[in-house]
Amino acid sequence: MNDEAKGIETLGSIASTYINLSLEKIKNLKYHTPKKSIKNLCDDLISFLKKYEPPIDNIDLIDLNQKLLTISDFVNLLSSASIKEKVSWELPLIHECYDICNIDFNKREVFVINSPEINNYGVHYNVAKYLSRILPKSKDYEPIDIFILPPEVEYDMSYISLIGHEIGHSVLLNRGFDDKSIVSHILGYLPKDQDQLSTDDMEMAAKISSYIKEYVCDYIGRVLFSPIFDLALIKSFCSSPTSKTNLGESHPSEYSRIKESFKKIGEYKSENKIINKAFESISKGLEIIHPDNNKIYYQDTIGEDLLKTIQLIATKIYEMIIPKLKPIKNIVDNWERIRKELDASRPPFEEVSDKIPKIFKPIELVVNMSIYFQGNIYKIANEFYKKSKKEEKEKTIIIGNTLIKHMHYVISLYDLINSAYKIRIKKLNMEDSDLSETLWKFRSRITGGQPSPIVIIPTIDPINQYGDNSVDLRLGTTFLIHKPTRYSHIIPFEINGQNPKRQSLDEFYNKYELQVLDEFILHPHQYLLANTLEYISLPYDYFGLVLGRSTWGRLGLSIATATMVQPGYKGCLTLELRNLGETPLPLMVGVRIAQLCVIPIELKDSRFGYFAGSGKYFCPVSAELPKVEEDKDIELLKDLKLTHFRRF
Amino acid sequence: MSYMSLFEKNVEYSNAISILNEYRHYLKDSHRYKFTNNDKEILLESLKLNNRNRFHELVFYNLRLFADVEKSAAIELSNAINNSLNKKFKDDERRKEYFEYIRNSLKPKSSLENSKKGVIEDLIIESIKFISNQSKKRDRIKSFEKIGL
């Protein structure tokens, strides 16, 4: 072997190390992802790497290395997007935004990555195209879009509206900029010819085009989620303004962007006086962080005139895009209907009445629920706020947290509710149906001049679900499954501080989220906690009993051991599922698994309802672990200090 | 958008390096890596960019590339080739001369002297190193770049 051949062999062996590393990563993704489209991409990447010509010099190695870096980024992205144990509640919201923007959601695979970094919003539209030099050109890949969302969307209702900006990027990427009229606008507005372009000019050109895109995306976000988009943008930017050194690489300054948002919020007017008042109050509250009132924001360095030109071009592009979007109705049209549900501490799936229910869409839920909370409207008539004896601050935190959970829950089930509405509910003829003879009629129940309905939502299939005294309940989406631990047993509470080894109950359970129609097997004698899909709201003068459906009972399924539902209870129920049979039971999320029977009690005063007490389970929408440590009875036993029973 | 722009930038660097490397092999009449007509077009486009003297066209070009990942390598290519030409030749005339040689080499049935091919190959290697270095620099600033929306 001559020197050159030896050299090539060395390069080949270096290359194969890196290629093998990448192959391992791709194979790992392929094994773990449940998505066919991603498995397909993995196969093609594996095939590309296996056939890759070994390098013959150092430059080939650099080329290979850069490709592997890109593949690695790509695989990381797909791994974070497609392998998770949590259902993305945001998808129906993205679906609705795409519909408005005329992007066919059903022909795409859309994923959401929940980034741990604050402020980290992003979108990769049609990711496979990034690897167009690597993946076979002849193949028509199913478009995969990946949205990246920061953790704050889980803790504040309005922040999710900033996804509107990212939808804007999807719109621009879907549409491109080849429209000749866009060119003429740009030519008309930018400074005219320069003799020679330097590298700085090239950078400036990139910066200007990037600024234009960002402004257009803000406009699109605004049109989708106005006025909550502006509120969220202000809240997001004021808490982490970009430093001067990082300013302006690809995005215009926060100063210029939120100035526009302040203007929009100040100008916002609806036909509803309460909303207008709420916005006046929000506007006043925001004054403290107005860019003109403090110096935490840096202004763009590209000059005021150029910035104005950029904004003008962005407006022109936006004006050309807008007619191509579907018309957007007044976003607060259903305000009163949604507010009624929120005041009653019910997740706003639908307007509750004995008529055909009107369902609410994801975007209007984000906007109206954010207004309800941010505009302090809950203080006017929210049932919990009025009845609870807790401190003001604590009540606000509880309401905020509950609203967020309810919003996520309602949006996550929107596809199911919408399909049920189209296929089953819309066609219902209330007069001809026997529903008026069932518990359905209790949805509009009034006692003592006050609404006191029995509510089971969302409505999926009322004809088959409602009986005279009972309503069928479906298996929900969250599961708490016992996991093997190194602890000998559960120690539910401390007594006299003598249980230092006590572990949180979380240590004994794994939480899983599934989607409607997902299947799982409940093995013989396996025990797990699951929630009902339906949210129950009982009046103060009715209690409920949860029973298994005999169809499942005969197969060995037990659904509950603690079957009573307190009068006035609100929330999804936690079922205790156990397979008592000898054969594994296939279960499916969404299947009718239990029934709720309601029984009246003699009580004429509603003052002591659910919210006035100290109920441990507050409007839950998922399976919950027992809160045994909050059990007041334990406190009592500790306080008794019984002298003859010192064992503890 | 920091998260995705880094990925997109890496794609851009990778595409640019890949086109240059394929061009390098094409110059040497090696068929190890395929230098496609599409690659030629992108490289030609990048050479044209240097001659653009209309700022607004450049802005538009950037906007247009937004939806075309493969072609977006043209800007990186343009920068890198310019940089290596400036490094290699102090004289503007010589720069222009080699600029033309590169352009001509991309035309069908072009025939370049071996000595010139050698110089162009050096320029291309220099350009690849330049882009690779940019990519590393970008890696280093990852932790500082934190533009959310």
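Predicted model: local features only at pLDDT ≥ 70, side-chain atom pairs only at ≥ 80, totals over all residues.
Residues are numbered from 1 along each chain as its sequence is written, and chains are lettered from A and ligands numbered from 1 in the order in which they are written.

Next I checked where domains 1 and 2 of chain A meet. I find 21 residues of domain 1 in contact with 22 of domain 2 (contact: C-beta atoms, placed from the backbone, within 7 Å). On the domain 1 side, α10(A) gives the most, six residues (helices are DSSP runs of H or I, at least four residues, numbered from the N terminus). By class, that side has 16 nonpolar, four polar and one charged residues (nonpolar: Ala, Val, Leu, Ile, Met, Phe, Trp, Tyr, Cys and Pro; charged: Asp, Glu, Lys and Arg; polar: the others, Gly among them).

Then I went to the cores (buried Ala, Val, Leu, Ile, Met, Phe, Trp, Tyr and Cys joined through C-beta atoms within 7 Å; buried means 20 or more other C-beta atoms within 10 Å of a residue's own). The largest has 162 residues, with V216(A) among those with the most contacts inside it. Helix α7 (199-225) of chain A gives the most to this core, 13 residues. Beyond four places in sequence, V216(A) touches G168(A), L172(A), A314(A), I317(A) and Y318(A). I also noted a second, separate core of 23 residues, including I62(A) and I19(B).

Technical notes:
Buried ≥ 20, exposed ≤ 12 C-beta atoms within 10 Å, placed from the backbone. Helix = DSSP H or I, 4+ residues; strand = E, 2+ residues; numbered from the N terminus. Contact = placed C-beta atoms within 7 Å.
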